[in-house]
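I set out to look up a few local features here, and I keep my notes in the order in which I checked them.

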Amino acid sequence: MTKKIFRSIISVAMVVLLASLFIASSFLYDYFNKSQVSQLKEELSLVATNVDEAGAEYFDNFDSSMFRFTLVSADGEVLYDSQANATDMENHLDREEITEAIENGNGSSARYSSTLTERTFYEATRLQNDNVLRISVSQVTVGALILGMLPAICAIVLISIVVALVLSHKMAKSIVKPLNELDLENPAENETYEELAPILTKLNKQHKQITRQMRELKQKSDEFEQITASMNEGLVLLDKKGMVLSINAAAQKLFSADDTAVGRDFLTLDRSIDMSRAIEKALGGKRAEFREERNGSEYQFVINRTESDGKTTGIVILCFDVTETAFAERNRKEFTANVSHELKTPLQSIIGSAELLETGLVKPEDTARFIGNIKNEATRLVSLINDIIRLSQLDEDSEPATESVDLYDVANEVVEVLTVSAAKKQIALHLNGESCVMNGIRRYLYEIIYNLCDNAIRYNKDGGKVTVDLKNTDGDIILTVSDTGIGIPAEHQSRIFERFYRVDKSHSKETGGTGLGLSIVKHAVAYHGGTIKLDSNIGEGTTVTICFARI
């Protein structure tokens, strides 16, 4: 801006200077012309009076170096010329000023030289004897005058330019200085040119509006960051070129990224083919969704595009941890399949035996055996249904009435019930410990001890041993059920508490059982806020330790 003002001032100064020189020269030249013509007329009038009185003899002693005088007869013959030989001059009857003087008494004219550098003024008057007396003087033209004054004019212009440059520079800086010192952060507090007041007022209003909008935007941005940071779901925002605009903590953990991921291409975080295809599909305007296992967990990815005025502006990627849901779905499917199988097996046996009895194909001596089979399978079926009902009650997380329960008494009751089945396999069943009182649900605690002891007997060796220990520690009750049975392979130990899971299905059929006992134990212990620990070695036996908080 300073340069523009500087150039404008210099240009105006030069135009004004040149115009002033031209106008002054014109006025001066015109003034001198008028003065010279007036002087010519006065000089002509004075000489004409003397010639009328003295005749042509007046010129005998006449001397004029400034003006040229010419005496012309009425027929145009030159009688006298102060600067030339009259006899050598041509007839002047055709001269404008001569013709005018003969006709009107006075005449005047002006003629340029052949080079146009000189201009001659003529004044003529008619004498009493009808002769014409003419006076003339030569004068340089404006162009010649300017050419003659060119050195002086150049000096004046040069000095003027230097002065104009200095003054223009200072003036431009002084004009721009208030503008450069404007405080645009506080437009209303500036003291500057009045002409800027409307602009500064408008700027002040816009500044306040922008400040308010920025404050609101920051508040919304902070709210968005706080909301997304506290989300368990991963959230990634991309622009239409695939650059990361925002990524919350859950997504950073999932994609092994950090805050530096913002501004980078999403491909640097994830090169999954399924993800790339889903993003392309979303950019095409379709919702994309797929599941994939990441970091030992199963995630569901939902990808949608964002729009503004009907145009795609970016991509939103939502990441849901569906590990528990997927696990529950698999468990539900497995549970349904297992329940169907477990129910179908005894029912088929019952139906088969009943059909044989109904058709009379069974020999009389075998009837008792078939009826016993029907009874055993029906008992097994009832036991299975009862276990399913117990699990269902535990899954519903209902809250039956709790009471003060002595685990030692419950364990002693279980030992008494299982003594007969233990004796059939010549297994010694022992209870050691002390009274351990806790707040809980008696039947759930009974199921825990019963199922652990029942499994220890079922999968034990003939002549083996099962020991139940109970003891109080600082604030806890420790229940331990150990056996000298076949043991559990290490690869199966993490799954034995799943529903219907069996290590050896063929052996399980021989020993009986529904496959739900340990699952009931797990849920009942969890209901009482306890923990389970399993130690088992092949051929050496298994020890299950449960810790309850004593109240």
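I began with glutamine 252, which I found in helix H6, residues 249-254, keeping in mind that this is a predicted model. Setting aside neighbours within four places in sequence, I listed Ile247, Ala257, Asp258 and Asp259 as the residues in contact with glutamine 252.

Next I turned to helix H7, residues 273-283, and asked which of its residues are buried. I found Met275, Ala278, Ile279 and Ala282. They cover an arc of only 100° around the axis, so I place them on the same side of H7. On the other side of H7 I noted Ile273, Arg277 and Glu280 as exposed. When I checked what covers the buried residues of H7, the cover included strands E6 (234-239), E8 (288-294), E9 (297-308) and E10 (311-321).

I also checked both ends of this helix. At the start of H7, a side-chain oxygen of serine 272 comes to within 3.4 Å of the backbone nitrogen of aspartate 274, and just after H7, glycine 285 has a positive phi of about 100°.

Last, I looked at leucine 165, which lies in helix H4, residues 150-180. I recorded leucine 165 as partly exposed, with a relative accessible area of 36%. Together with Leu158, Val162 and Val166, Leu165 makes a nonpolar surface patch of about 340 Å².

Key
Residues numbered from 1 in each chain as written. Predicted model: local features only at pLDDT ≥ 70, side-chain atom pairs only at ≥ 80, totals over all residues. Heavy atoms only, no water. Patch = residues over 30% accessible without salt bridge, like charges linked within 9 Å, V, L, I, M, F, W, Y side chains within 5 Å. Areas by Shrake-Rupley, 256 points an atom, 1.4 Å probe, with all protein chains shown as cover. Salt bridge = Lys/Arg side-chain N within 4 Å of Asp/Glu carboxyl O. Helix = DSSP H or I, 4+ residues; strand = E, 2+ residues; numbered from the N terminus. Buried < 20%, exposed > 50% of the residue type's maximum accessible area, 1.4 Å probe, protein only. Arc of directions from axis to C-beta. Contact = heavy atoms within 4.5 Å. Polar contact = N/O pair within 3.5 Å; in protein donor to acceptor, adjacent residues only side chain to side chain.
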